[in-house]
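Biologist: Hi, I'm new to this one. Could you show it to me and talk me through it?

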Amino acid sequence: MKATGIVRRIDDLGRVVVPKEIRRTLRIREGDPLEIFTDREGEIILKKYSPIGELSQFAKQYGDALSQTTGHVVFITDRDQFISVSGTNKKDIVGKQISKDLENVVNERESVSAASADKTFIRVGSEEDNEYTAEVISPIICEGDAIGAVIILTKDAKIKLGDTEVKLAAAASNFLGRQMEQ
């Protein structure tokens, strides 16, 4: 754990203010849910709650099936980080933050289908996305809230992702959103 040197007092209602710098660094927005844990040493741990993170194993299996069917790389994200990676050996991407551009696409509930040369092409992460030549992004919507995205990517410049991949990504994101509602 990293010490910040910031000290806050608990008010009479038991509330503690999380400093703006920490909220900005961790991308915690007003209204975001936080999980609260305690450990044996008496520490209280706050962790951003990821609703789709509860389905991480299920999302991984769905992503694997989608990747095997299409032959493309499939990422499943929540609003902040990668939850599942299928079709590539870069498993270390899981848990890393998504790009600000992708976060904006998810929050705006936009679907994207683009080649790397297009202005609409979105960098999905920091280091891994230079090798991809085309993408399809479909936001996961649960009870009216955007909670993540299903992303289909290809490295092969000869392959154009089309209507089939757009529909597959939309079906996957729709299915995952409905699973979260149950």
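Predicted model: local features only at pLDDT ≥ 70, side-chain atom pairs only at ≥ 80, totals over all residues.

Biologist: Where is Arg23 placed?

Modeller: Arg23 sits in helix H1. With a relative accessible area of 31%, Arg23 is partly exposed.

Biologist: Let me step back a bit. How many helices and strands does the protein chain have?

Modeller: There are 4 helices and 7 strands in the protein chain.

Biologist: Good, now the nonpolar cores. Which residues touch the most other members in the largest one?

Modeller: Those are Phe75, Leu102, Val124, Ile137, Ile151 and Leu153, in a core of 20 residues. At least two residues of this core come from each of S3, S4, helix H3 (100–107), S5 and S7.

Biologist: Which element gives the most to this core?

Modeller: That is S7, with 4 residues. Apart from this core lies another one, of 16 residues, including Ala59, Ile140, Ala172 and Met180.

Biologist: What do nonpolar side chains tend to do in general?

Modeller: In soluble globular proteins, they tend to be buried together.

Biologist: Is Ile44 buried or exposed?

Modeller: Ile44 counts as exposed, at 63% relative accessibility. Its place is in strand S2.

Biologist: Switching to charges again. How many salt bridges are there?

Modeller: Searching the whole structure gives 6 salt bridges. One of them pairs Asp80 with Arg29, where the closest N and O atoms are 3.7 Å apart.

Biologist: Which parts does that Asp80 and Arg29 pair tie together?

Modeller: Asp80 is in the loop between strand S3 (73–78) and strand S4 (82–86), while Arg29 is in the loop between helix H1 (20–25) and strand S1 (34–38), so the pair ties together parts that are 51 residues apart in sequence.

Biologist: Is Asp80 buried or exposed?

Modeller: Asp80 counts as buried, at 12% relative accessibility.

Biologist: Which residue forms a salt bridge with Lys60?

Modeller: That is Asp64, and the closest N and O atoms of the two are 2.9 Å apart. Lys60 and Asp64 both lie in helix H2 (residues 56–70), separated by 4 residues, or about one turn of the helix. Lys60 is partly exposed at 24% relative accessible area, and Asp64 is partly exposed at 26%.

Biologist: And which residue does Lys155 meet in a salt bridge?

Modeller: Lys155 meets Glu131, at 2.9 Å from N to O. Lys155 is in the loop between strand S7 (145–154) and helix H4 (163–181) and Glu131 is in the loop between strand S5 (112–115) and strand S6 (134–142), so this pair ties together parts that are 24 residues apart in sequence. Lys155 is partly exposed, with a relative accessible area of 40%, and Glu131 counts as partly exposed at 28%.

Biologist: Last topic, the backbone. What is the phi of Arg109?

Modeller: Arg109 has a positive phi of about 60 degrees, although it is not a glycine. Most residues other than glycine have a negative phi. Arg109 lies in the loop between H3 and S5, and at 41% relative accessibility it counts as partly exposed.

Biologist: And what is the phi of Glu143?

Modeller: The phi of Glu143 is near 50 degrees, again a positive value in a residue other than glycine. Glu143 is found in the loop between S6 and S7, and it is exposed, with a relative accessible area of 59%.

Note on methods
Residues numbered from 1 in each chain as written. Heavy atoms only, no water. Salt bridge = Lys/Arg side-chain N within 4 Å of Asp/Glu carboxyl O. Buried < 20%, exposed > 50% of the residue type's maximum accessible area, 1.4 Å probe, protein only. Core = buried A, V, L, I, M, F, W, Y, C linked by side-chain atoms within 4.5 Å.
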